[in-house]
Amino acid sequence: MAVAEDIALIKRQEEVLVFPAFDEAVAFSIGAAIRDRALAEKLPIIVDIRTFDRPLFYAAMPGSNASNPDWARRKINVVRRFLKSTYRMVLEQQRPDRTFKIGEGLDSADYVLAGGGFPVTVKGAGVIGVIAVSGLPEREDHGVVVDALCDHLGIDKREFSLPPEEKS
């Protein structure tokens, strides 16, 4: 089952893509790398990197639109609440309407099931923030973040990349 395999790989990404330390310089380095890739590949995205108490990096690429920052904000809220990647949440929840079950009490104005939010985890501290990308299909938003984290941490991204999505 492809979904179960994707979830297992994303859990592994979350376990391995951990920082020894995370500060403004690290956020800028990762954000700048994502921005450089977006410019080179003409990706119409925004990137928003923050700890849970403040923003550290933001960039909007040509072709991104006014909805992308709001999508990123709602993805950031999901990571803050559940401490895991938003694409993993999408696959686990399987809700085509992109909302959480009514019993969760999470307003769709502030929370969305959409890939592209990834937890910033620091060894010994846990999840302290989020890297969010918005503007591409959600699996690709997720992949952009994972690729940048692998590059920054010196990890072979081929080992952690999700396979291309199967077309039905």
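**Close-up views of a predicted model**

**View 1. E5, E140, E165 and E166 form a surface patch of negative charge.** The model is predicted: local features need pLDDT of at least 70, side-chain atom pairs count only at pLDDT 80 or more, and totals for chains, interfaces and linings use all residues. Residues are numbered from 1 along each chain as its sequence is written, and side-chain values use heavy atoms, with hydrogens and water left out. A patch takes residues with over 30% relative accessible area and no salt bridge, joining like charges within 9 Å and nonpolar side chains (Val, Leu, Ile, Met, Phe, Trp, Tyr) within 5 Å. Asp and Glu count as negative and Lys and Arg as positive, while His and the chain ends are not counted. Each charge is placed at NZ of Lys, CZ of Arg, CG of Asp or CD of Glu. A salt bridge is a side-chain nitrogen of Lys or Arg within 4 Å of a carboxyl oxygen of Asp or Glu. Areas are from the Shrake-Rupley method with a 1.4 Å probe; for residues, only the protein chains shown count as cover. Helices (H or I, at least four residues) and strands (E, at least two) are DSSP runs numbered from the N terminus.

**View 2. H142 is a buried residue of helix α5 (residues 138–153).** Its relative accessible area is 2%, where buried means under 20%, exposed over 50% and partly exposed in between (1.4 Å probe, protein chains only). Leaving aside residues up to four places away in sequence, H142 touches I10, Q13, S85, Y87, G116, F118 and L162; contact means heavy atoms within 4.5 Å.

**View 3. Helix α4 is mostly covered.** Six of the eight residues of α4 are buried, namely T86, Y87, R88, M89, V90 and L91. The cover over these buried residues includes α1, α3, β4 (117–122) and α5. Q94 follows α4 and has a positive phi, near 50°.

**View 4. K42 and L83 are loop residues.** Most residues other than glycine have a negative phi. K42, not a glycine, has a positive phi near 55°; K42 belongs to the loop between α2 (24–41) and β2 (46–51) and is exposed, with a relative accessible area of 71%. L83 is not a glycine either, and its phi is positive at about 60°. L83 lies in the loop between α3 (68–82) and α4 (86–93) and is partly exposed, with a relative accessible area of 46%.
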